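The following exercises are to be worked with the sequence and the coordinates at hand. Each task is followed by a solution in steps.

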Amino acid sequence: MNAADSQRLGSALEHLGYEFTGKVEDADVIVLNTCVVRQSAEDKAYGRLGSIKPLKTKNPGLVVNLMGCLVGIREPERLRSRYPFVDVFSPPSDPGPLISYLTQGEAKSEEARETEERFAEMDGDPSTHPADKMWLTAGIILPEHERGKTVSVHLPVVLGCSHACTFCIIPSRRGAERSRPADEIEAEAISLAAQGVKEVTLLGQIVDRYGKDQPEVGNLSALLRRLDKVEGLERIRFLTSHPNYFSEDLMETVAELPKVMPHIEIPIQAGDDDILRHMRRGYSEADYRRKVADIRERIPGCSIATDIIVGFPGESEEQFMKTYHLLEDLHMDVAHLARYSTRPGTVAERLYQDDVAEEEKMRRFRMLEDLQEKISGEINAGYLGKKVEVLFEEKVKGRWRGRTPTNKLVFVESEESLRGEVRLVMVTWTGPWSMQARL
Ligand code: SF4
């Protein structure tokens with residue numbers, strides 16, 4: 001979601017006449033887009049912020065914008081007093097404060113004035129801030145340095161989350177769930193395809209709830225059907241799904257539509273029912289197993305990824321082992337693992353003591369990591385000698401990198417330019433995290 005926000009903000013800045021620079025020392029504007037989903041991500045954000053301070057001291061005209069979940073939906077005074085060198089604070093997915101600062105603050109440039117006037121002429125409605133129009137318009141144009149090079153783009157369809165899992169900080173930082181209008185999403189997909197994009201990944205904290213907050217926009221299946229018709233687009237993915245909302249209709253839609261890839265990201269978080277209840281996930285371990293079985297039956301060949309948190313407050317060895325056995329039984333393609341860390345303002349912070357020792361969390365994390373490495377290795381070994389279609393994205397260290405429909409990473413050596421091409425390859429080597437192949 002942050003990557004998508006950054007890309008859109010980059011394109012909004014270009015509308016104001018700014019251009020991308022790869023060197024932070026050359027920048028007139030620095031935007032630090034932050035994540036606080038875990039303590040380690042938050043620490044990283046503070047570290048980066050600290051490294052920006054000397055640049056501001058050296059160049060007082062530099063505009064520093066702190067954006068994202070560290071700021072949250074309300075601008076906290078605490079951050080302002082702790083980081084006085086930050087000029088602008090912006091909540092997640094909201095370019096408004098920076099755009100206003102650049103267009104109305106001291107940094108207002110001639111180009112910015114012209115852009116503002118252009119927007120004002122486009123429609124005479126003074127109630128709409130030019131930044132909003134820029135955001136919507138900018139959202140469908142890639143930043144210049146990415147145009148013609150970007151094969152795959154994240155497209156937010158549901159913003160925020162209203163679920164309130166007890167461990168999660170996201171609802172308090174990204175606000176309540178808001179589904180975007182289907183027309184707007186379709187228009188963006190058409191525009192992205194016209195700019196050479198071949199794959200869109202629809203994003204939502206609970207993407208399969210698309211439309212549940214606003215039934216008039218339709219549901220995810222209907223949205224996928226619309227996007228499947230977009231000319232030039234080769235592949236469509238979506239994440240992250242929630243087991244309670246992944247309907248049979250959605251499974252059938254994925255199975256039926258040729259552009260929708262058979263790869264589902266659907267977190268379990270824990271394999272013990274008491275822990276799941278304390279997390280307020282809204283399903284049991286048995287419900288999850290049934291859902292995975294249904295997905296596998298209705299979407300043949302589908303790969304499935306899950307998320308797991310180890311060391312949730314009160315998690316005993318026995319409860320952890322239920323998660324371990326669940327992962328062992330379900331044989332998932334990917335498991336995104338995390339060690340629990342208390343997030344400020346969450347229900348878990350109020351109700352539970354973070355009582356699993358760090359070393360113990362690490363031990364459990366490593367056990368799952370080792371197990372998943374073995375499982376992923378076995379699943380991927382099944383691809384050896386097989387032919388599979390790969391969409392190639394970029395050349396990395398002399399090899400072309402792409403993904404199979406099931407989202408497996410594939411490397412191919414070729415002198416041909418494969419960027420944006422879907423090609424049939426033969427898999428010649430497999431490991432747990434990637435494969436090698438030849439055209
Ligand atoms: S569903 Fe739960 S874990 Fe996911 S963003 Fe919403 S509150 Fe957080």
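**Exercise 1: An open sheet**

Three strands form an open sheet in the order 9-10-11, with parallel pairing. The model is a predicted one, in which local features need pLDDT of at least 70 and side-chain atom pairs count only at pLDDT 80 or more, whereas totals for chains, interfaces and linings use all residues. Residues are numbered from 1 along each chain as its sequence is written.

Task: determine which strands are the edge strands of this sheet, and which residue is the bridge partner of T306.

Solution. Begin with the terms: strands are DSSP runs of E with at least two residues, helices are runs of H or I with at least four, and both are numbered from the N terminus. Two strands pair if DSSP finds at least two bridges between them. Strand 9 (263–265) and strand 11 (334–339) each pair on one side only, and are the edge strands. Neighbouring strands are turned by 15 degrees against each other on average, direction ignored; the axes are lines fitted to C-alpha atoms, and angles between N-to-C directions run from 0 to 180 degrees. Next, strand 10 (residues 303–310) is joined to strand 11 by six bridges, and the two run parallel. Within strand 11, A335 is the bridge partner of T306.

**Exercise 2: Backbone exceptions**

Task: locate A164 and Q269, and decide for each whether the residue is buried or exposed.

Solution. Most residues other than glycine have a negative phi, and most peptide bonds are trans. A164 has a positive phi near 60 degrees and is placed in the loop between strand 5 (158–159) and helix 7 (170–174). For Q269, phi is also positive, at about 75 degrees; this residue is in the loop between strand 9 and helix 11 (273–279).

Now count neighbours: a residue is buried if 20 or more other C-beta atoms, placed from the backbone, lie within 10 Å of its own, exposed if 12 or fewer, and partly exposed in between. A164 is exposed because it has 12 C-beta neighbours inside 10 Å. Q269 has 21 and is therefore buried.

A further exception is the cis peptide bond between L239 and T240, with omega about 5 degrees. T240 belongs to the loop between strand 8 (235–239) and helix 10 (248–256).

**Exercise 3: The ligand shell**

Task: state which residues are around the ligand.

Solution. The criterion is a C-beta atom, placed from the backbone, within 6 Å of the molecule. The residues are C161, H163, A164, C165, C168, I170, P171, Q205, I206 and H242.
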